Structures are given as structure tokens and as C-alpha cells.
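Hi,

Here is the model I promised to pass on. Have a look at it first, and my notes follow below.

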Amino acid sequence: MRQTKVIILLLCTLSGTYLSGDCQNKSAKTGIKHTCFEPGKLWTDTGGNPIESHLGGVFYDNGTYYWYGSNYNGMTIPKGSFHNQIFTWFFNKGISIYSSSDLYNWKLESIVLNETSLKPQDLLQPLNLFGRPNIIKNDKTGKYILMAALLSADFETVNDVIYAVSDSPVGPFKFKGKLPWKNKPNISDNWDSEKRTGKKDRPERIRGWDMKLFKDKDQKAYLLVGHSATYIYELSDDYQSVVKGALMKGTEGEAPAMVNYNNTYYIFESRLTGYKANCNTYFVSDNIWGPWTPKGKFTYGPDEETTFKSQVTHVFQIEDSPGKFIFMSDRWNENSEGEVPDLHEMKHIWLPMEIDKKDKSVIVRWKDQWTLIKSE
């Protein structure tokens, strides 16, 4: 009987089975030992504290998963407190890095890039916030490259992609500044900035908006930036500059997330409705440069028309389980009506994603509780 259970567990592990079922959380010396996912519920780390990692993504390296996200653990600054403040704001608290071996239980490893300055020439100001932090590893150099959108409250004074470099996935990261072009830019002023500000962006400016890093199977790396239009930038060999960019024709939205499955590229994006949830959609292409075909909605279950009252933040494949993906989204304060009084009220939603490689359809079904593998 014991041998049969071992075989069942091994088969489930290899297939990356998604199962619904009751959580069996176990008490630990610090916090709770999580044994399943509970989308939309409060998620605590191994120290018993709410996981403070928002708008980020998950990165796998040498047997460990790392979760990067914006740290909003601080005082809320109400909308309109200072000039051209569009949304509720926070003081810059840096980027949180958590680690896990099972994707259920996360240990806070470090908070990086949290040292700010009041010097006018410094980018890391107290009110310049990080959005959409991502990390990839350059296998040739061994360096870990962290990128994020750095934003001032007016989304204009500062709205740029910044980057930092480390020898370790948990830091320390050396802040390098704004992401540069390696050569002369082949595209410029992508966002019609003149219509908003009366002047054009510099050709070298790479705006942040909602961004995502993507590393392809051939080790080439790309930066996606979405704000109604979506642009793709190919990174240099060391991932520390841009070599070319292009409009991703056929796509539309913000908060892009991408995967490559069976030589088909999938992009998931939110519509532009501020902090108010909407029906996220996806697009497919056989070439990362497009053209892209819209495929429509992909969520099914309660509140499917608002993507379960959330916004996509990341999609990733479970390691050693080809074809098994997890969809990550952030649920904002449900009573905000488009304005968020307290961003660390955001809850995390992780759900299994099904991709049919034949018709390239995608389904994310709501589950109150679920597990990755059969544990009996």
C-alpha cells in the first residue's frame, strides 16, 4: 500500500496535477503552514505576516521560487494631497523578495532598493514608487537583472523603466538608473506625450507604465510595456540595454504578461480602467514580433467579467511540469469604486491556467481552494 501511494504521488508530481480540495493548514512556530492556495484570502508568510508583494512576478532559480513585488507597507497618502496626484500614493518602501520551495509557503528574504534620497538629481525619491518589478537571470554573465517602472505621482515627471543588477536573486542589487538604448533608438515618443504635456518625449526615453520582462527559450530577453498600445523591446546580450523596439500590432491594454507554450506566444492584458477591475483578455502569435490575434476573455466562474475582481500581474509555468501554468492577479480594494484608499488591502489570486495547444485557447477557472499535486 505504501508503495502504491508513493507511485501516485510521483505521477502527480510529474504531471503537475491541479486539484480542488480542503486546505489542511498546520500550525507552525511562526505563522501558518500553508498546504493549498486560497485565492483572494489573506496570505501570510512564514513569519505570520501578510505577504507584501504586489504587481510583481515569480522567478525560478536553482530549485527555489522567488516572488518579487512592490512593498506597500506604509502610510497612505490620499489622492489630491499634492500637485497632479492622480491616485492614492505611498512612500517608497522598496521591492520585496520572498522565497519558496513549494509555492505555498513564502519566506521574506530581503527588501531591496528601499534607500531613498531628497537630492534633486537622485531617482529614488521618497515619493517615486516602484511598479511591476520583474527579474530575469543572464545565464552567460551569471547576473540577476531586476527591472521596474519608477513612477512619480503625476505619471509624467518620472515614468521610466529602471534597472538594478546583483550576483544573487535576493540581492543586494546595485541600482543602475534608467534603462538605456545600446545604440540609436529605432522608435521614439511612442505614447503621444505631446498631446498630454505639450512636448515630445526624448527619443531615448523608455517609459515605464505597466511593464513585464520575458526571457524566451533561446535566452533572448524582452521588455513589454503596455498602456493601451503595447510595445516590445529586445534587450542586449547582457540584458542591460535595449537594441530595438516595435509596436505589438493587434494587442491592446496594460499589465502585460507573456508565456511561450508549444512555440506559440500568449499575452494577457487588462483594459484601461484605473483601479477598477475589468474583463482581461489575451492575444496569440506564432512570432514574438507579431502580428497578434485577439482571443477574448479567458476567466470562468463567479465575477468572470471582472477577472474575479482583479487584474493580471503574471503567468508562469510550474517548473518540471510542461504545460502547467499559474495565473497571478491582484485584487484591489473591492469598495474603492476605482479609487484605492489603501493599496496594501490588495489580495493575491493564484489559479491554475489551462492552455489547449491545438486551438490555442486559454481557460482560468475559479477555485475557492486548490492544490498543485495529490498529497495522499
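Let me start with a question: is Glu 234 buried or exposed? Glu 234 is buried, because its relative accessible area is 12%, and buried here means under 20% relative accessible area, exposed over 50% and partly exposed in between, with a 1.4 Å probe and protein chains only.

Before the rest, some housekeeping. This is a predicted model, where local features need pLDDT of at least 70 and side-chain atom pairs count only at pLDDT 80 or more, while totals for chains, interfaces and linings use all residues. Residues are numbered from 1 along each chain as its sequence is written, and side-chain values use heavy atoms, with hydrogens and water left out.

On confidence: pLDDT (the predictor's confidence in each residue, from 0 to 100) has a mean of 89 over the protein, and 88% of the residues reach 70 or more. The stretch to watch is residues 1–16, where pLDDT stays under 50. The model has 16 contacts beyond four places in sequence for that stretch, a contact being heavy atoms within 4.5 Å. Where pLDDT is low, the predicted coordinates should not be read in detail.

Now the overall picture. There are two helices and 26 strands, taken as DSSP runs (H or I, at least four residues, for helices; E, at least two, for strands) and numbered from the N terminus. Of the 376 residues, 54% count as buried. Looking at contacts between residues at least 6 apart in sequence, 54% join residues at least 24 apart.

One sheet I went through is open and has five strands in the order β21-β25-β24-β23-β22, with mixed pairing; two strands pair if DSSP finds at least two bridges between them. β21 (299–300) and β22 (311–317) are at the edges with a single partner strand each, so one side of each has no neighbour in the sheet. Further in, β23 (residues 325–331) and β24 (residues 347–356) run antiparallel and share seven bridges. Asp 330 sits opposite His 348 in β24.

Then the charges. I get 17 salt bridges, each a side-chain nitrogen of Lys or Arg within 4 Å of a carboxyl oxygen of Asp or Glu. Arg 205 and Asp 160 form one of them, at 3.0 Å from N to O. That pair ties together distant parts of the chain, 45 residues apart: Arg 205 is in the loop between α2 (193–197) and β14 (210–215), and Asp 160 is in strand β12 (residues 159–166). Both Arg 205 and Asp 160 are buried.

Back to Glu 234, which meets Lys 244 in a salt bridge of 3.9 Å, N to O. Here Lys 244 belongs to β16 (residues 242–247) and Glu 234 to β15 (residues 221–235), ten residues apart. Lys 244 counts as partly exposed, because its relative accessibility is 35%. Elsewhere, salt bridges with shared partners join Glu 156, Asp 160, Lys 178, Arg 196, Asp 201, Arg 205 and Arg 207 into one network.

Last, Asp 45, in the loop between β3 (32–33) and β4 (54–61). Asp 45 is buried yet has no salt bridge, and the nearest side chain of opposite charge, Lys 107, is 11 Å away. The Asp 45 side chain does reach the backbone nitrogen of Gly 47 at 2.8 Å. Beyond its neighbours within four places in sequence, Asp 45 contacts Ile 51, Tyr 98, Trp 106 and Leu 108.

Cheers

Key. Lys and Arg count as positive and Asp and Glu as negative; His and the chain ends are not counted. A polar contact is a pair of N or O atoms within 3.5 Å; within protein, one must be able to donate a hydrogen and the other to accept it, and residues adjacent in sequence count only if both atoms are side-chain atoms.
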